[in-house]
Structures are given as structure tokens and as C-alpha cells.
Amino acid sequence: MRPLLRLPRLHVPTLRGRVRADRGPLLLVALVLALGALLACVIPAAVERAADDAMHAAVARAGDSAELVATVPFPPAQDNDVRQRVPGSAALTDATFRNTRLLLPPALAGVLRTPIARVTTEPLGVLGHGTGRSLVLAYVTASTGDPSVLWTSGRAPHATVPAGERNLVRKRASGPSTVEVGLAEPAARALGVRAGTRLEALDARREEVHVLVTGLYRAGDPRDPVWSAVPHLLEPAGFSDDAGHGYLAVTALLSRESLPDARIAMDEDLVTRQVVYPADPARVGTGNADAVAAGVVRLQASSPEALPDDVRWATNLQAVLRQGQRQVAAAQGQAAALLAGLVTAAALVTALAADLLVRRRAGALALARV
């Protein structure tokens, strides 16, 4: 029977002596290996966090471009020669929150904030208050409720018809309608009006609309996102063209009661109803960007017959995400190259240290073999 192979016994005092003699190179190798291991663990996690931060920043920079906007027309009139007043216009608009939400793919719905509905008219030309004055009538509300308004003068807009005539039908050629609105204080100062002022305006078809400013307001919370859903609700916008002509853009606020009057004051194709879903940058990262972009594509590619009320979707969120992914991929490539360089450097340092140790022990090993 062959004897079992016996491993040589380690001579601890000799090992201690060699460690003391070569402590410099050995310490260098240990430090390099520890640093390499630490970087190999830390860099991938840091790159992942940085990639998510980059996606958050890309969506935040996009602002309105990252919003998902659903255009939901009001039901068309049965007769083109008449305009039907619909007292429940605001309630119909509330229903669009639920109807549009049901159409959203889960991955896309998960990165969207509280939706805001807006009903806006095409700009009206204001007569008698200087040239270049335009007025948009707007109704805004969030799925969490109407915005907080502080009436500093006058009162909130009401319906202009008696309670018993809320469903009235009027001929298109029956003369101008009156619509009650509120104005933000800065807009009222810019136009030179106050509570109780009547404005004569013309729509895009040169049909006259009478606008009654019933009150001036301030926002209860100017930071509420609902106020940014429609431009110039809190501040008018003034500008000049190259010829030096001045222009002023103002938006007037409609209430739930006055919205039906605005709808019958002009042709229905001059009134737009939309639901805006702002994207939440904190919810978009590298892990779900592909699923969110695919949800946008699927939503926009839906057959019109499959969508209720002729809903149309618009957003640049997919392009924003793709651009962010390209930037992240470039940064990840640079990080991978850096990590590979560090690992290579650690391997070279280890090899050099090993070679140094071998050279230093070459004489003793040669004598040991003799």
C-alpha cells in the first residue's frame, strides 16, 4: 500500500520572519486588493444611483413636455344651427378623470401625479381697452377638488340664466351671450378693469361675446399645480413685436356655474377640454423607464374606436426617457471603463509586488534547493 501524500508542515516562525522582511510589498498588495474589492462593490451601486438621479433630472428638466395630455371633446350638439346649454358641464369634466385613468397602462399610471382638467376657449379679442388685448376663458379643477380662491373684490362667477332656464337652447344667430368670469388682481390692473366691468370681445369667427367681470381674486395657494395648468391665470403676459406694438394676454377664470355659459357663447370647436397628467420625476428611474415608454407607445397607438369620447393623447415623455437613457448609457460606459482600468491597475500592482517578492527570495530559494 502506497503511503498517503503528506503535506509539508508550515514553520510559523519562518513565515513570521518572511512577513517582517517583506512587509512593505505585502502591505502594498493587501492595500491594492482591498481597494480593488471596495471599488468593485461601491462603483456599481453608485453608478445605479447616479443613473436614477439622471433620469429624475431629465424628466424634471422636460417640464410640460413630459406631461401626458388627453384631449376629450365635449359631446357634439345634435343640431348645428343651435347651441344647447349643458348645466352639468363641470360634472362631465369630473368624469374625465376616471374615464382617462382607466385607459392608462399600469406602468405609466404609476409615474403620474394627480391629474388636472382644463376647459379653455380660443383667445378672444378685447374691444375698447387698447389694441392687442386678448382674453382666454378657462375652467380648471383637479381630481382632488377645485383650486382655492380668495375673492378680494366682488364675487365668484354665477350662471347668467334663471334656474328654470338652465337647459335653454339658443340659435347661433340670436346675438351675443354673456359669460361671468373672475380676474386675477394683476390682470385686472393691466386691463384697467374692476369688479362689475363688462367687456366686449370677439371670437375667432368675429362673433361677439359679452364678458362680465364679477370679481377679482388671489390664489389661496399659488404653488398649487392647478394654477400652472393654464397660462396667465395668476399673472398676465405682456410683450411687444419687432414693430413696437404692445400685446397683453389675459386668462379669466370660469366657475362651475359659468362654464355652461362659456360653452354656448361660441362654437364648440373653439372650446377645448383636456386632462393633464404631470409626470413625477421621482418615480421614473432606469428600472421602469422602458416599461413607461412602452406604455406611452401603446396608449398613443390605441385604435380611435377603442377610446371613449374621441380621446386623443399627446406627450413627449417617451422622447424624454429615451434621451435620458442614452445619457445614462454613455455615463455607464465611462464608469465601466474606469472600473476596468482600476481592476487592471490593481492586477498589475499585484503582479509587480509578486515579482518583487520572488526576486528578493530568489537567493534563499536557490540555496534551499541545493
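Residues are numbered from 1 along each chain as its sequence is written, and side-chain values rest on heavy atoms, with hydrogens and water left out. Since the model is predicted, local features need pLDDT of at least 70 and side-chain atom pairs count only at pLDDT 80 or more, whereas totals for chains, interfaces and linings use all residues.

The protein contains eight helices and 14 strands, these elements being DSSP runs numbered from the N terminus (helices: H or I, at least four residues; strands: E, at least two). Of its 370 residues, 37% count as buried, where buried means under 20% relative accessible area, exposed over 50% and partly exposed in between, computed with a 1.4 Å probe and protein chains only. Among contacts with a separation of 6 or more, 79% are accounted for by residues 24 or more positions apart, a contact being defined by heavy atoms within 4.5 Å.

The largest nonpolar core comprises 31 residues, and those with the most contacts inside it are Leu 135, Leu 137, Val 179, Val 181, Leu 183, Leu 199 and Leu 254. Such a core is a set of buried Ala, Val, Leu, Ile, Met, Phe, Trp, Tyr and Cys residues joined through side-chain atoms within 4.5 Å. At least two residues of this core are supplied by each of strand 4 (124–127), strand 5 (133–142), strand 8 (178–184), helix 5 (185–191), strand 9 (198–202), strand 10 (208–219), strand 12 (246–253) and helix 6 (259–265), and the largest share, four residues, comes from strand 10. Apart from this core lies another, of 30 residues, which includes Leu 104, Val 311, Leu 317 and Leu 321. When neighbours within four places in sequence are left aside, Leu 135 is in contact with Glu 122, Pro 123, Leu 124, Val 126, Leu 183, Leu 199, Val 211, Val 250, Thr 251 and Ala 252.

The structure holds 11 salt bridges, each requiring a side-chain nitrogen of Lys or Arg within 4 Å of a carboxyl oxygen of Asp or Glu. In one of them, Glu 180 pairs with Arg 155, the closest N and O atoms being 3.0 Å apart. This pair links distant parts of the chain, with Glu 180 in strand 8 and Arg 155, 25 residues apart from it, in the loop between strand 6 (149–154) and strand 7 (169–171). Glu 180 counts as buried at 7% relative accessibility, whereas Arg 155 counts as partly exposed at 34%. Arg 205 forms a salt bridge with Asp 269, for which the closest N and O atoms are 2.6 Å apart; here, too, distant parts of the chain are linked, as Arg 205 lies in the loop between strand 9 and strand 10 and Asp 269 in the loop between helix 6 and strand 13 (271–277), 64 residues apart. Arg 205 is partly exposed, with a relative accessible area of 40%. A salt bridge also joins the side chains of Arg 223 and Asp 221 (3.5 Å, N to O); Arg 223 is exposed, at a relative accessible area of 74%, and Asp 221 is partly exposed, at 31%.

Helix 3 (residues 89–101) has 13 residues and reaches 19 Å from its first C-alpha to its last, close to the 18 Å expected at 1.5 Å a residue, the expected span being 1.5 Å times one less than the number of residues. Its buried residues are Ser 89, Ala 90, Thr 93, Thr 96, Phe 97 and Thr 100, and the elements covering them include strand 1 (68–71), strand 3 (116–121), strand 5, helix 6, strand 13 and strand 14 (312–314). In helix 7, the buried residues are Ala 289, Val 292, Ala 293, Gly 295, Val 296 and Leu 299. These residues cover an arc of only 155° around the axis, which puts them on the same side of helix 7; the arc is that of the directions from the helix axis to the C-beta atoms.

Glu 185 lies in helix 5 and is buried, with a relative accessible area of 17%. With neighbours within four places in sequence left aside, Glu 185 is in contact with Thr 152, Leu 216, Tyr 217 and Arg 218.
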